Amino acid sequence: MAGAYSVTQINAYIKNMFAQDFALNRISIKGEVSNCKYHTSGHIYFTLKDKASSISAVMFAGSRKGLSFHLEEGQQIVAKGSVEVYERDGRYQLYAQEITKEGMGDLFERFLKLRTELEEMGMFSPEYKKEIPRYADRVGVVTAPTGAAIRDIMNISARRNPFVQLYLYPALVQGKGAAESIVKGIEALDQMGLDVLIVGRGGGSIEDLWAFNEEVVARAIFNCSVPVISAVGHETDVTIADYVADMRAPTPSAAAELAVFDYKQFKEQTDSIRYTLRTMLERKLERCRFYADQYSLKLKYFDPRRGIRERRQRLHDLEEKLNSLIHRRIESERRHLDESALVMSQLMEKQRLRDRHRLELLAGRLHACSPLTKIGGGYAFITDSQNRRIDSVMQAENGDLLHLTLMDGTIEAEVTAVEPKEVSEADK
């Protein structure tokens, strides 16, 4: 048939129409919960119905933070989300983002708004969480003086550790002035320097638990220097105090279990550790005694004193031998030095005689070369006015002054004539 559309095309078209409808994209539907199923994946599948109609609904695991209570059959709720078409099956259903109990919408809106604000401030951040002490001796409790919560805490504490000290601050936990009373209790017990605080109460409606959703209580818990365990309501009840506290307990009884260590179990563990340590120590001592006996036998067999005596005697012998060698070496060196000194003396004497004889020869030669000796035979040593020696008549001119050095003095003479000697061919 011409112009026919496929099922997929029709479902896609209808889905697109739903997506473009502004009212269906953000809608609140109230009704009674039916066929509620918690899937292993974390998704919640249920049907929302009234007297005349019903609509399928689902809340995915990623949207579970928008649910502050356990969804059960027969509850009257208001579900906020969008109505969309599940294209594969061609059916529409509500995709819930937030769910509140009917009549509690305004309070839940305030809860979500404050939770978002405090989370953005970082008051829920893990790095601000203080560690709960493992062995607490003094535990503070901020709750009503009458009621199941304090009785449960006292019973659990007495059963787990009869030596722990509980400090109760009787606070209002419901109604007008409850938030201020809880804050005063936290601040008062914080100044006492206790090990841990339990802040909480028993179960109730959201109005009953609202004091623990106030900002002043959240800030008091956050600013408390002592680790705080929140224990508000039942396991399914969640308050702002649970987010801010250093640890959340599902019930006051569970808070006592977390804050007070089990003395009986602790004693059993310490006794077991003590027995193990004693056993290990006894075995260690036995091994040490065995090794000591073995070393004692070896010490007797290898008596070090005997070896010390032998080595001492040997050292004495070596010392005497060394002294003897040193004395002989000294005597040998002394004789050698004496002989060397004698030989050196003889050599020096011979060298002195040779040097004296040589000196006399050189003195004779020097005397023979002395100009005074030559002058003594009627000769003279002639120099000019510059004290330069005159060896040739060519060095003198008329009018020059000459100095004639004789054996017994000096004569100054003036050149009046220069007569060079004629050189014959034979003389050349």
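Residues are classed as buried under 20% relative accessible area, as exposed over 50%, and as partly exposed in between, with a 1.4 Å probe and protein chains only. By this scale His367, at 54% relative accessibility, counts as exposed. The structure is a predicted model, in which local features need pLDDT of at least 70 and side-chain atom pairs count only at pLDDT 80 or more, whereas totals for chains, interfaces and linings use all residues. Residues are numbered from 1 along each chain as its sequence is written, and side-chain values use heavy atoms, with hydrogens and water left out.

Helices (H or I, at least four residues) and strands (E, at least two) are DSSP runs numbered from the N terminus. His367 is found in helix α10. Between His367 and Lys30 there are 153 Å in space, C-alpha to C-alpha, at a separation of 337 residues in sequence. Thr416 is placed in the segment after β13 (409–414) and counts as exposed, at 68% relative accessibility.

Rolling a probe the size of a water molecule over the atoms shows where empty space is left. A cavity is here a set of points, on a 1 Å grid over the protein atoms alone, where a 1.4 Å probe fits but cannot get out; lining residues have an atom within 4 Å of a point. Grid points are joined across faces, edges and corners, and a volume is the space filled by probe spheres set on the points. The search of the whole structure finds one cavity of 30 Å³ or more, and the largest cavity has a volume of about 30 Å³. Its lining consists of Val141, Val142, Thr143, Ala149, Ile153, Ile198, Val199, Gly200, Arg201, Ala231 and Pro252. Two or more residues of this lining are given by each of β6 (138–143), α4 (148–160) and β8 (196–201). The largest share, four residues, comes from β8. For the classes, Ala, Val, Leu, Ile, Met, Phe, Trp, Tyr, Cys and Pro count as nonpolar, Asp, Glu, Lys and Arg as charged, and the others, Gly among them, as polar. On this basis the lining of the largest cavity has eight nonpolar, two polar and one charged residues.

On the surface, Tyr5, Ile10, Tyr13, Ile14 and Met17 form a nonpolar patch with about 550 Å² of accessible area together. Patches are made of residues with over 30% relative accessible area and no salt bridge; like charges are joined within 9 Å, and nonpolar side chains (Val, Leu, Ile, Met, Phe, Trp, Tyr) within 5 Å. Accessible areas come from the Shrake-Rupley method with a 1.4 Å probe, and for residues only the protein chains shown count as cover.

Side chains of opposite charge can pair when their charged atoms come close. With a salt bridge taken as a side-chain nitrogen of Lys or Arg within 4 Å of a carboxyl oxygen of Asp or Glu, the structure holds 16 salt bridges. In one of them the side chains of Arg274 and Asp271 meet at 2.7 Å, N to O. Both residues lie in helix α9 (residues 263–301), three residues apart, about one turn of the helix. Arg274 is partly exposed at 44% relative accessible area, as is Asp271 at 31%.

Helix α10 (residues 304–369) holds both Arg329 and Glu333, four residues apart, about one turn of the helix. Their side chains meet in a salt bridge of 3.1 Å, N to O. Arg329 is exposed, with a relative accessible area of 55%, while Glu333 is partly exposed at 35%. Glu360 and Arg356 also lie in helix α10, four residues apart, and form a salt bridge whose closest N and O atoms are 3.8 Å apart. Here Glu360 is partly exposed at 49% and Arg356 exposed at 52%. Elsewhere, Arg88, Asp89 and Arg91 are linked in a network of salt bridges.

Backbone geometry was also considered. Most residues other than glycine have a negative phi, and most peptide bonds are trans. Asn35, found in strand β1 (residues 27–38), has a positive phi of about 50 degrees although it is not a glycine. Asn387 likewise has a positive phi, near 65 degrees. Asn387 lies in the loop between β11 (381–383) and β12 (401–406) and is exposed, with a relative accessible area of 63%.

Definitions and conventions:
1 Å grid on protein atoms, 1.4 Å probe; cavity = no way out; pocket = protein on both sides within 12 Å on 5 of 7 lines; lining within 4 Å.
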